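Please keep the sequence and the structure in view while reading.

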Amino acid sequence: MTSTAPRPRAIGDRQVGPGRPVYITGEIGINHNGDLENAYRLIDAAAEAGCDAVKFQKRTPEICTPRDQWDLERDTPWGRMTYLDYRHRVEFGEPEYRAIDAYCRKTGIDWFASPWDVPSVEFLEAFAPPAHKVASACLTDDELLRALRATGRTVILSTGMSTPQQIRHAVEVLGSENIVLCHATSTYPAKHEELNLRMIHTLQAEYPNVPIGYSGHEVGLQTTLAAVALGACFVERHITLDRAMWGSDQAASVEVPGLQRLVRDIRIVERALGDGVKRVYEGELAPMRKLRRVPGAVAEAEARAADADREPVTA
């Protein structure tokens with residue numbers, strides 16, 4: 001009998017897919033606010049909670065910021081500045097990423113990032129990341145997808161703000177052989193009634209050879225646990241030191257104590273899911289003897305068959 005389960009994907013030394021432990025990523029994104037010490041604290045929090053990886057975002061501001069917004073001024077924690085200057089202020093460069101790479105190696109946790117443009121793919125490739133991530137906002141960027149496919153690494157594709165047709169096209173551009181597809185709703189924070197977690201089953205049916213994950217932006221932990229119960233084998237949640245910190249993603253992020261509970265509860269849920277094969281557990285035998293008054297016809301037939309098997313064979 002041929003299994004229909006999708007082939008697992010490699011993220012570093014981990015295999016991700018059905019039947020494997022859920023791969024848990026704490027997305028730091030730009031919640032570090034351009035401060036390397038904040039990044040270190042978030043890496044520590046993710047490692048201590050038991051996450052498999054942390055994820056950042058990498059942009060070339062001149063490419064990713066629309067030209068008509070470069071000179072628009074805004075108030076920031078660092079004073080009033082143009083939007084382009086702000087994008088540079090929260091963007092890490094090579095020295096910071098070399099420090100992050102060394103820190104993650106020392107801490108024993110993987111890291112990768114969502115590149116938002118082709119030069120950022122080339123930048124990240126210098127660090128030999130275990131995977132690349134496509135942000136939902138970049139799902140329609142064929143040039144970026146082709147550059148990511150050319151790396152040969154596993155690509156994790158989020159599907160927020162996208163139609164089924166757009167998702168199918170992105171999968172065709174990336175190729176389905178080396179991707180993980182994540183259901184997502186791209187509002188920050190996302191309303192519970194818009195999470196549509198049954199899309200996990202829809203994606204499993206539409207892409208039977210692709211492992212399906214979940215990238216959540218909601219408030220709370222219950223719905224992410226539900227995604228795991230529905231079969232998500234990869235989970236990503238934004239993490240923060242304080243949801244009240246300045247920044248567009250902070251309010252949709254999980255604080256450190258919540259992250260610890262989330263990882264703990266995902267591991268409990270995946271153990272509780274089991275393998276779907278009904279069996280009588282050893283711990284049930286004593287309650288069965290105490291509580292089951294009538295053994296039943298099946299039990300009697302099984303007992304007779306067992307007795308017959310034990311009878312000696314005579315010549």
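## Terms and model

Two residues are in contact when heavy atoms of theirs lie within 4.5 Å of each other. Helices (H or I, at least four residues) and strands (E, at least two) are DSSP runs, numbered from the N terminus.

This is a predicted model, in which local features need pLDDT of at least 70 and side-chain atom pairs count only at pLDDT 80 or more, while totals for chains, interfaces and linings use all residues. Residues are numbered from 1 along each chain as its sequence is written, and side-chain values use heavy atoms, with hydrogens and water left out.

## Two helices against H10

Helix H1 (residues 36–49) packs on H10 at an angle of about 30°, and their axes are 9 Å apart. This makes H1 roughly parallel to H10. Axes here are lines fitted to C-alpha atoms, for helices over the stretch in contact, and angles run from 0 to 180 degrees between N-to-C directions. Angles under 35 degrees count as roughly parallel, over 145 as roughly antiparallel, 65 to 115 as roughly perpendicular and the rest as oblique. From H1, Ala45, Ala46 and Ala49 meet Val256, Leu259, Gln260 and Val263 of H10. H1 and H10 cross in a right-handed way; a crossing is right-handed if the near helix is turned clockwise from the far one by less than a right angle, and left-handed if anticlockwise.

Helix H9 (residues 222–229) also has a contact with H10 (residues 256–273): the axes come within 10 Å and cross at roughly 30°. H9 and H10 are therefore roughly parallel to each other. On the H9 side the contact is made by Thr224, Leu225, Val228 and Ala229, and on the H10 side by Leu262, Asp265, Ile266, Val269 and Leu273. The crossing of H9 and H10 is right-handed.

## The two sides of H6

Which residues of helix H6 (residues 142–150) are buried? They are Leu144, Leu145, Ala147 and Leu148. They lie on the same side of H6 because they cover an arc of only 160° around the axis, the arc being that of the directions from the helix axis to the C-beta atoms. Buried means under 20% relative accessible area, exposed over 50%, and partly exposed in between (1.4 Å probe, protein chains only). Glu143 and Ala150, on the other side of H6, are exposed.

The cover over the buried residues of H6 includes strand S7 (110–115), helix H5 (118–125), strand S8 (131–134), strand S9 (154–158) and helix H7 (164–174). After H6 comes Gly152, which has a positive phi near 80°.

Val134 lies in strand S8 and is buried, with a relative accessible area of 0%. Not counting residues up to four places away in sequence, Val134 touches Leu139, Leu145, Leu148, Val155, Ile156, Leu157 and Ser158. Val134 and Val155 are 21 residues apart in sequence, and their C-alpha atoms are 7.1 Å apart in space.

Ser176 sits in the loop between H7 and strand S10 (179–184). Ser176 is buried, with a relative accessible area of 17%. Leaving out residues up to four places away in sequence, Ser176 touches Arg9, Val171, Asn209 and Val210.

## Cysteines

A disulfide is a pair of cysteine sulfur atoms within 2.5 Å, and by this rule the count is 0 disulfides. For Cys64, the closest cysteine sulfur is in Cys138, 6.8 Å away, which is too far for a bond. Cys182 is in no disulfide either; the nearest cysteine sulfur, that of Cys233, is 8.2 Å away.

Are Cys64 and Cys182 buried or partly exposed? Cys64 is partly exposed, with a relative accessible area of 26%. Cys182 is buried, with a relative accessible area of 0%.
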